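Good morning, and thank you for joining.

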2 protein chains.
Amino acid sequence: MINIALLGFGVVGSGTAEVLTENKSIIEKRLGCEYNIKYILDLRDFPDSPFADCIVHDINTILEDKEVSIVAEMMGGSHPAYDFTKACLMAGKSVVTSNKEVVSTFGVELCALARKNGVRYLFEASVGGGIPIIRPLINDLSSNKVNRISGILNGTTNYILTSMRDKGVSFADALATAQKLGYAEANPSADVDGIDAARKTVILAALASGKLVDPKTIYTEGITKITLDEVALAATLGYTIKLIGHTEVTEDGLVALVSPRMVPSTNPLCRIDDVFNGVLVNANMVGEVMFYGPGAGKLPTASAVVADIIDIIANRDSEPKPIVWEQATAADVCDFSAYSCKRMLIFSGNSLPECAPEGTFGKTDKLCAVVTDNTLSEADVDALTSELGDKLVSIYRVL
Amino acid sequence: MINIALLGFGVVGSGTAEVLTENKSIIEKRLGCEYNIKYILDLRDFPDSPFADCIVHDINTILEDKEVSIVAEMMGGSHPAYDFTKACLMAGKSVVTSNKEVVSTFGVELCALARKNGVRYLFEASVGGGIPIIRPLINDLSSNKVNRISGILNGTTNYILTSMRDKGVSFADALATAQKLGYAEANPSADVDGIDAARKTVILAALASGKLVDPKTIYTEGITKITLDEVALAATLGYTIKLIGHTEVTEDGLVALVSPRMVPSTNPLCRIDDVFNGVLVNANMVGEVMFYGPGAGKLPTASAVVADIIDIIANRDSEPKPIVWEQATAADVCDFSAYSCKRMLIFSGNSLPECAPEGTFGKTDKLCAVVTDNTLSEADVDALTSELGDKLVSIYRVL
């Protein structure tokens with residue numbers, strides 16, 4: 001009998017209890033082994049829940065119980081989630097988590113601590129919700145060198161951008177609807193400012209490179225400035241605007257950034273709409289593969305948490321295969337001002353200023369744009385911005 | 001040092017040698033262990049190849065060499081691939097393969113033989129080429145009960161259907177181009193008649209249900225009868241025609257079939273074009289996830305073969321986790337005449353006959369159609385066909 005403790009009985013925590021209960025017989029049959037939810041740590045009591053008897057309020061109850069070998073942390077936020085995770089690993093318990101904030105900030109230390117204690121720290125649910133992406137990157141693409149990963153990693157912003165494109169509603173109105181539907185928080189900053197996507201991007205970057213970058217240090221731009229006029233202009237040129245977490249492993253180091261991008265209609269990410277997420281991986285042997293599915297939500301995210309629990313149980317008699325990450329130093333990271341990609345420069349009116357770079361031209365009644373080749377660096381763009389003057393409305397990176 | 005033997009030095013075999021060589025240093029670093037391609041079995045000699053010295057012509061050289069612990073079978077066809085696989089497993093060697101014909105026909109016996117001999121039989125490359133799909137179904141969706149899998153599983157037919165839709169070329173012309181580009185064989189039957197997709201469908205069905213159906217017994221319809229008029233009509237109703245391998249795990253048993261289907265524009269499979277493949281999985285906790293990528297090709301398929309080799313090396317000190325399949329009996333399989341889904345009934349002219357079922361109507365200059373609800377069974381459709389008479393052009397299943 002494997003005893004499991006859950007930390008947090010919110011959306012993902014209660015979903016995890018539900019998956020473990022609902023699919024118990026098929027999971028136990030697959031594992032050839034029984035399991036039990038022994039504790040659920042939460043500040044609150046849940047007298048009406050079928051798990052009422054499992055609720056505990058003191059982490060020490062779990063830490064001190066030698067019968068508990070697996071802990072699922074689904075508390076959110078850095079503290080006390082990080083502290084509890086550390087304590088569990090040091091107590092010889094494997095930990096699985098959906099907490100991207102903890103993984104992206106403390107992943108190096110926690111993976112090392114798991115290794116040192118002969119246990120595992122898994123985080124499939126921290127990126128892409130229910131979409132299998134972490135384990136496929138580690139296992140299935142193990143024969144490849146990963147070159148690039150581009151992802152729609154945040155369901156809230158993708159819902160807003162899809163509404164803007166398909167229903168013609170403004171950012172503010174789409175956000176209000178997202179809040180009404182429970183897709184966005186009252187304080188939507190972590191989503192709409194790209195902070196959540198940045199955390200997921202550095203996790204993907206670490207899986208591609210072995211180097212974890214502090215998510216606070218990467219270029220992060222949200223979706224708050226995108227206008228309906230720009231969305232319409234993008235469509236005339238065959239693009240759709242998506243919030244893209246992007247990472248590249250280059251000879252000059254790691255690139256990682258989050259920004260709205262113009263995604264061409266030929267790119268499979270272009271059709272990932274509403275609250276769905278998609279992660280497009282370019283690797284040196286397989287070429288491009290994409291993983292698509294629900295990027296958030298109670299049961300999908302719990303499905304990934306439980307997949308990690310099953311992985312730990314299934315491999316309990318084997319030597320743990322460690323995830324080895326190092327904290328990225330300045331030398332590991334590309335000089336961002338040298339990062340080059342295609343750009344779309346958007347201008348008011350319907351003709352380009354004389355000094356605009358060459359490229360594909362498009363326009364609507366109100367705006368016009370040129371899509372450049374992929375040689376413009378961030379530094380070039382900064383220089384251009386001052387040169388191009390008042391007519392320049394915005395500059396988008398192109399995927 | 002792990003010694004590997006390759007069976008077959010054709011497209012996938014030479015690709016596998018290339019992946020193992022090109023990415024040797026990063027793979028060995030990940031594994032913490034070195035490997036070596038010791039033998040390559042082929043009827044031919046390859047005097048100019050860097051692997052010339054590895055070429056052998058007698059399977060016994062490999063079977064009798066105790067140093068060889070992993071064999072990658074990439075010969076294609078049932079014989080001698082099946083016989084060699086069996087001999088390798090019985091000699092205590094793990095086998096990985098890209099051979100869907102062998103897996104779909106002999107999978108039950110070969111998985112059992114691997115179990116019995118304490119080795120592994122893996123076949124990630126047998127479905128979806130380079131797309132990780134087999135291992136994710138086993139590992140990542142292990143917390144789920146799989147309800148349905150629908151896949152675009154054959155790149156050749158998808159290329160032809162995409163050409164018909166986007167370039168307006170007929171089936172015959174698109175096939176000729178596919179043959180010129182090397183996407184289709186001189187004898188294209190295995191592709192265009194759905195035989196290849198049927199093999200992959202029963203493998204996916206077995207992963208979902210544990211029961212392997214003989215691929216020759218499932219309903220299999222190819223793309224040879226699809227006309228440009230039907231493609232145009234589908235578009236006016238918001239559908240695109242794709243060859244879909246489809247399986248459902250129902251209370252009445254397993255459903256598995258291959259046929260062209262009308263895929264609505266809201267379905268993520270709708271935008272999987274050209275030679276790409278996509279597999280859409282519906283499972284009880286995660287909902288819908290999709291895996292997308294190159295479904296064939298030298299290096300992508302080899303990438304999956306090598307992922308299996310890496311899996312075996314990485315887990316060489318652990319108890320092998322067996323794949324347990326049973327051969328499906330008649331009792332395991334749904335009565336196909338009772339299989340119900342939405343249908344599109346296509347008629348000549350631009351009005352429906354009086355006895356046509358209710359549904360959404362659409363038309364072009366030449367044809368008209370009605371899309372029904374999902375209650376029409378195969379038996380109902382057979383009955384309707386005789387009733388509706390001469391004006392009925394075709395009936396498509398709708399995804």
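How many residue pairs are in polar contact between chain A and chain B, counting pairs with both residues at pLDDT 80 or more? This is a predicted model, and the count is 19 residue pairs. The number of salt bridges between chain A and chain B is two. In one salt bridge, Arg135(B) pairs with Asp140(A), and the closest N and O atoms are 2.6 Å apart.

On the side of chain A that touches chain B, the elements giving two or more residues are α1 (11–22), α2 (24–31), α6 (134–140), β13 (287–294) and α12 (298–314) of chain A. By residue class, that side of chain A divides into 22 nonpolar, 12 polar and nine charged residues.

Let me turn to the extent of the interface. Chain A contributes 43 residues to the contact, and chain B contributes 43 residues. Between them the two chains bury about 3,400 Å², with 57% of that area on carbon and sulfur atoms. Asp140(A), Met285(A) and Tyr292(A) supply 20% of the area that chain A buries against chain B, more than any other three residues.

Asp42(B) sits in the loop between β2 (35–41) and β3 (55–56) of chain B. Is Asp42(B) buried or exposed? Asp42(B) counts as buried because its relative accessibility is 9%, under the 20% cut-off. Its side chain reaches the backbone nitrogen of Phe9(B) at 2.7 Å, and a polar contact of 2.9 Å links it to the side chain of Arg44(B). Leaving out residues up to four places away in sequence, Asp42(B) touches Gly8(B), Phe9(B), Gly10(B), Val56(B) and His57(B).

Back in chain A, consider Val192(A), which belongs to helix α9 (residues 189–192). With a relative accessibility of 4%, Val192(A) counts as buried. Beyond its neighbours within four places in sequence, Val192(A) is in contact with Thr157(A), Ile160(A), Phe171(A), Leu175(A), Gly222(A), Ile223(A) and Thr224(A). Its C-alpha atom is separated by 28 Å from that of Pro136(A), a residue 56 places away along the chain.

Finally, helix α11 of chain A spans residues 228–236, and Glu230(A), Val231(A), Leu233(A) and Ala234(A) are buried there. Why do these residues lie on the same side of α11(A)? They do so because they cover an arc of only 165° around the axis. Just after α11(A), Gly238(A) adopts a positive phi of about 85°.

Notes:
Residues numbered from 1 in each chain as written. Chains lettered and ligands numbered in written order. Predicted model: local features only at pLDDT ≥ 70, side-chain atom pairs only at ≥ 80, totals over all residues. Heavy atoms only, no water. Buried < 20%, exposed > 50% of the residue type's maximum accessible area, 1.4 Å probe, protein only. Helix = DSSP H or I, 4+ residues; strand = E, 2+ residues; numbered from the N terminus. Arc of directions from axis to C-beta. Contact = heavy atoms within 4.5 Å. Buried area = accessible area lost by both parts, 1.4 Å probe. Salt bridge = Lys/Arg side-chain N within 4 Å of Asp/Glu carboxyl O. Polar contact = N/O pair within 3.5 Å; in protein donor to acceptor, adjacent residues only side chain to side chain. Nonpolar A, V, L, I, M, F, W, Y, C, P; charged D, E, K, R; others polar.
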